[in-house]
Structures are given as C-alpha cells and as structure tokens.
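Here is a colleague's note to read beside the structure. Please keep the model open and check each point as you go.

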Amino acid sequence: MNSGGKRPKAASFLRYRVNPRVSWALAAAFLVAMISGLFLAYPFSETAPFISTVGLENVVPFGRFFRRLHYFSAWLTLGFLFYHAAESLWAKAYERRTAGRWLALTLSLVLILLIAFTGYVARWDETGRLAGFIAESLSLKIPYVGKYLNGLLFMVREGGVHRPYLFHLYASFLVLLISGIWHFRLRRLPAEDLGLVLLLCGLLAFLLPVGLHAPGPYLLVKGPWFFVGIQEALRHAPPEVAGLVFPALGPVFYFGVRWPRVREIALGGLVFWSLLYGGFTLYGLLR
Amino acid sequence: MRHLLWSLLFLLAVAVLVKEWRFKRAEKVYTLASGRVDMCLACHKETPGKAHARGVVGCADCHGGDPLTVEKARAHRGMVKNPADLRYADRSCGRPECHPGYPERVKKSLMATNRGIITILRYYWGEIKDFHAEASVEVLMRTGETSTALDYFRKLCGTCHLWLPKEKLPGFLKKKGGGCSACHLVPGKGPGKNPHPKLTRKIPVENCARCHNRSGRIALTYQGLYEDEQYGAPIRDGTFGAEELEDGRFVERIPPDVHFKAGMSCVDCHVQNETMGDGKAYAHLEESLEITCEACHEGLGRTKKGTPLPNLIIKNGKILLRAKLTGKLLPVKRPDPVACRHPVHRRLACWACHDRRVPQCFGCHVRRSAGEKQLDKLSFRETPGLWEEFRSYMRLENPTLGLYRGRVTVLVPG
C-alpha cells in the first residue's frame, strides 16, 4: 500500500517484479483447486478410488462439475506456475532471495508438480494407475532414499492410492499454508482476481468434459501431460537417466541460477532442458 | 468491471444448476462380475446370451465407446454396432482376455478371403495361369482392383464373405456378412422391441445356409430343399404356392440328409479348423476340408488332419455322437462290412453311393450388358456393366460319378 492508500499500479511492479495479475491468478487457481478438492474429498473413497471417481462423474450431485473445476483449476495452477517461474527468472527475482529461500521456492515447484501427479494417481483409472506404477519403480531406483521416498509418496503396489492421496491432501495444505504466509499474502488476494479465475475455471468445467481412462488391453497409455516428457525419455534411455537424472536437472538448473559464477551455464542448461523436455512431451503426446 | 464479473459468475452458477438439473444421473456405479466399471448398464438392459451375459462381459468390451460415463454423446462416441466385423474383431472378439488369435485365423480362412472362388473364376476365364494364385476379398475391397472376372465376382458373388459389413447391402443381403457374427449370431428374444441378438457356438443350419445355398446347394439339399425349375407351382389363390427362399427362389421339399433328420447341424461334422481356418491360407475348399466320413463312422475320432472330435464318444464298442445343438446322443452306424469293404468298392468315396440326390444345374451361362449399371457389392457403388445368370434346366437325379484324385466321386455341374 502506498501513502495515498491506493494499491501501486501494475506498471510500477513490472519494472522490478513479476506481473502481479498472473501471480495472483496462480494463487487464486490454487485456492480454487483446494476448495473444489475439499468438495470432492467427501464422496471420494481411497478404498475404491476408481469406482468413487466414476461415481463423482455419474452419480454424485454436482460431482461432475466439481471434478472438472478441480481439474481445470489445477491445470491453470500449473500453467500459471510455469509462467511465474519463467517470469521470476526474467525479473531476476533470484537476486532478491537468500539461498535458502530460493531453494524453498525451487522445491515448491517440484512439490506442486508432485501434488498434481498424485492427483492423477488418486483417480486410479488406467492413466493414473500406470503412472503410479511407473513413478513407484522410478522412486525405488533412487539410491539410499528411494524406498523412503516411495513410502512417503507412492507405494501403490502395496497400498493402492492411500499414500498418493494423503500426500496430495497434506502437501496441498502445506504449500498453501507456507507460500500463503511467506511467499505471498493469501489474505490480500484480490476478490476480482479470484472471481476471474473462478469464472475461467467454471466456464472450462461447464463446457469441457474431463474423461477417465477405462482399463483395457492398450499397448500405449499416456500419463499426465506434464509426465509424458519423462515417459517418452524412458523409451530412449535407462530409467536412472531418463526417470531420475533428466527430470531432476530442471530444478537443479533453476536453483543454480542464483549463483553468478554458474548463472550462465545454469540458464543455458535450463533453456536446453526445457526445450528437450518440451520436445519429448510434444513427441509423446503426438505418438 | 466488477459488476460484470459478478454478473457473469451468477449466470454461470445458474447455467451449472440448469445443466445439473437436466442431467440424468445414474443410480449407482455399475460393475461387472470382474469388478470392472460399466456405466452402459445404467441405461441398457439388453441380454446378449449366456456366454456374453449382461454383467459379465461389458457392453464397451465389444462395442467400444466410453463405459465410464452416462452422458449419451460421450458414452456412444467411437462405438461400433457390429463389433464382430473383421475390421474391429482384433479389438473386440479377439482381445487378449477373450478370443485371442481367432480373428487372424478367420481372416485367412476361405470364408473371409473367397480365394477359391476368385481364383477359379479368373483361372477359367483366362485371366490368370496359376490355379493357386493369391486372392482376397479384403484386397479387392481396399484396392478396387477389377477385371472382367472380378467385375462378375464383385457384382454377383461378392455378398458371401466375412468382410461384408452386416446390413450394408439391401434386402435379403442385409443379413449376410458381419465377420464372426455372420455365423455366431442368432436372433434374441427380448427384452424390448429390438432385442440384442444372442451369440452362440451352436451354429444353426440357417446361418450356414445363408451363404451355402448356391453352386452345389449343399445347405439346401442337406435340409431337404430342392431349387426347382422356378415355376412357383402349384399356383394357389392366383399366386405362387411353392415354398420360397428369402432371395425369391422357389424350392421343393425332398427327403433331407440323414444327418439333418437325426438333428445334426453342419458344425457337428465340420470342425472349427475347417470353418474358422487353421491359420493357413488355403487356395481351395478341398485343401481346408478336414472331416471325413470315416472320422465318425469308423470311430477314428480325428479328422484327416488329426483334429480331435470331442463330441464323438466310443462306449462299450458303440460309437455315439453328441449333437452340438440339441445335446442328444446319437448312435453312429459303422460301415456295412460287405458293401463298403468289398474290394470292388475300394476306390469309391462314401458319398458316391450314399448321396442319392444332388441338384444339377445345366446350361449355366452369364450375360453382361455393358450399357447398364449394377451394384458392386465390394465397393457398394453402382458401376457400369450388368451381369445376369441364366440356366437351361435343373435336375434332381442320381449324381454323375467321375474320378478325382484316384477316387470315384460325385461330380456336380452348377
């Protein structure tokens, strides 16, 4: 707030900081995803995840709408997040952050992607189920911490969607709580921005169906769209490289940008990695 | 701006309410015996028979579509009415958990390729020199390849093959073709006005007779039907009183084959490898034929290619055959030790004596009118050239015998 009691104009923000409209839209989309998720949690049963997801679509009143609202708000969250992450680099936000804070922000990127991923697994259709199996196999390949990470996030072969679902819930609250207090002020979220995002998600949910993938004898099942890049890379390289090192390189480069000595390499690496991951994703989606 | 936003949100909320109010929700999530979800059952009450019972095999397993929604348009997207069509059979009947490998076999069978018919036509019309040339209806349909003999095939013969989509052709031809369902489908009995047909392994003679009623007229004679001179006599009440086939041909009743009289169907003798193919691409019928009279009547229990006959039972020295359609145990007569084993009869095929009536069609000729058009049954388009078949006369007499591969056998003109 300035001395005149009015909010600073967007133009003055742009000079040094990221676009506030997109940033608030990101927060609003995440909030809509959280609230719509709470509605879905009631009829959802983790003991019969697929049947309850089908029930949400076909039996539960307004279940269809809230599921789609949840899906599109999460989708927009990821879209805005990628834009926000790129814009932060453009606005040199790393120069105004301590190493610890920059690390936390970088990790929050990974965390939100994992939240989105476990959301796909939780619905337990063919896409989610197989994505869960792949993720479990990959996490077990991580040396030393693999089995603990798998126990925290997946363990789908043993426990079905129990852990991915709990992680999906807990991590969502954690991200909202931590970033809503330290990264942005959730209570300052402008009502217009929330309304606009709600309108956009609502329109998408009203107009576009969100299908489920029925089990069947498929030779090719594509995972969630942001996972297709890894899935495609797994065709061309061993799992340790394609499933662990390759996806981990993105956040590592992003984190490395903060240090002037390696900034150029990190930025170059990040651009190259993004193009490669995007290329793999596109190729996988068109397959 | 703010007012507009809230107004739009309000309108959206109203639209969502209306859409939800109009949406016909399912009462519950429907699952099959296997635990898989099939929401088609929320609307569809059809019963396709025991083997594919409702609640066991899901509608979408065969027909495609989306079984996870009750929204009609989305649920029906990508559906096929006849999943047994050979174009889809790999994904429906032939899916790994159902009948894997069968569509590949059937596609190579003569009922699917018509290779024998095509090759013989082209060979005798002087178009090819190889009696065992490669030929397939599917290729003709795909490529549009034609010639004089092929044009004849396309317009007159091209309705009796498994690649023909069911209900594609008009009139009585509607019932022909359809891939696996050409044989395995029998009319359903309900519920509803258009009951789901039943899928069966007990193939009735009518299904075979839908195609095997020309040339040798084997399925007609088997049932005791003789395609006569086509006068339609006797005339009753000013119209033809003779029994009529679906395609308008008149038939007379004659004594049926003893096997038919005993309640046997074609599939009681003709094994799966013959009808559905054994995976090999044969050029002619006699190469794919397996069953012999001796397989049952001598109690061999195997076809000449070694395929076992599980419905043949030998008990206390007696040979019995369990009829597949009725389940009845039928006694099988052993060959007459005097007549059949007599050295002078050693070259006789069984049917040289036992086939008393063989319809014989003499003076068969065809005419092509180049100025007129006719429906090409493979491309489903009218193309120039009208083919008509004529014959001089039909006879139902003791068959002519002749030598074929060292055996005295029945020769049938037609």
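**Notes on a two-chain model**

1. Begin with how chain B folds back on itself. Take the contacts in chain B with a separation of 6 or more: residues 24 or more positions apart account for 50% of them. Keep in mind throughout that this is a predicted model.

2. Next, the build of chain B. Chain B has 414 residues, and 26% of them count as buried. Its elements are 17 helices and 16 strands. Along the principal axes, the C-alpha atoms of chain B fill a box of roughly 105 × 65 × 55 Å.

3. How confident is the predictor? For the complex, the predictor gives an ipTM of 0.84 and a pTM of 0.82. Chain B has a mean pLDDT of 93. In chain B, 100% of the residues reach 70 or more. Chain A averages 90, with 94% of the residues scoring at least 70.

4. Which element of chain A has the lowest mean pLDDT? Among the elements of chain A, that is helix α1 (residues 10–16) of chain A, at 47. Helix α3 (residues 49–58) of chain A has the highest, at 96. Two stretches of chain A deserve a caution. Over residues 1–5 of chain A the pLDDT is below 50, and this stretch has 2 contacts in the model beyond near neighbours in sequence. Residues 8–14 of chain A are also below 50.

5. Now look at where the chains meet. On one side are 28 residues of chain B; they are in contact with 24 residues of chain A. Which helix gives the largest share of the chain B side? Helix α1 (residues 2–22) of chain B does, with 10 residues. By class, the side of chain B that touches chain A has 16 nonpolar, 2 polar and 10 charged residues.

6. Turn to the nonpolar cores. The largest has 69 residues. Those with the most contacts inside this core are A:Ala29, A:Val32, A:Val197, A:Cys201 and B:Met39. Helix α2 (residues 20–41) of chain A gives the most to the core, with 10 residues.

7. Zoom in on A:Ala29. What does A:Ala29 touch, not counting residues up to four places away in sequence? The list is A:Ser73, A:Leu76, A:Thr77, A:Phe80 and A:Val197. A:Val197 is also named with A:Ala29 among the residues with the most contacts inside the largest core.

8. Finally, find a sheet in chain B. Its 3 strands form an open sheet in the order β3-β7-β6 (chain B), and the pairing is antiparallel. The edge strands are β3 (225–227) and β6 (243–244) of chain B; each pairs on one side only. Strand β7 (residues 250–253) of chain B is joined to β6(B) by 2 bridges, and 3 bridges join β3(B) to β7(B).

9. B:Glu243 stands opposite B:Val251. B:Glu227 also stands opposite B:Val251. β6(B) and β7(B) form a hairpin, with 5 residues between them. In the turn, B:Gly248 has a positive phi of about 95°.

Terms used:
Residues are numbered from 1 along each chain as its sequence is written. Chains are lettered from A and ligands numbered from 1 in the order in which they are written. This is a predicted model: local features need pLDDT of at least 70, side-chain atom pairs count only at pLDDT 80 or more; totals for chains, interfaces and linings use all residues. Two residues are in contact if their C-beta atoms, placed from the backbone, lie within 7 Å. Helices (H or I, at least four residues) and strands (E, at least two) are DSSP runs, numbered from the N terminus. Ala, Val, Leu, Ile, Met, Phe, Trp, Tyr, Cys and Pro count as nonpolar, Asp, Glu, Lys and Arg as charged, and the others, Gly among them, as polar. A nonpolar core is a set of buried Ala, Val, Leu, Ile, Met, Phe, Trp, Tyr and Cys residues joined through C-beta atoms within 7 Å. A residue is buried if 20 or more other C-beta atoms lie within 10 Å of its own, exposed if 12 or fewer, and partly exposed in between; C-beta atoms are placed from the backbone. pLDDT is the predictor's confidence in each residue, from 0 to 100. Two strands pair if DSSP finds at least two bridges between them.
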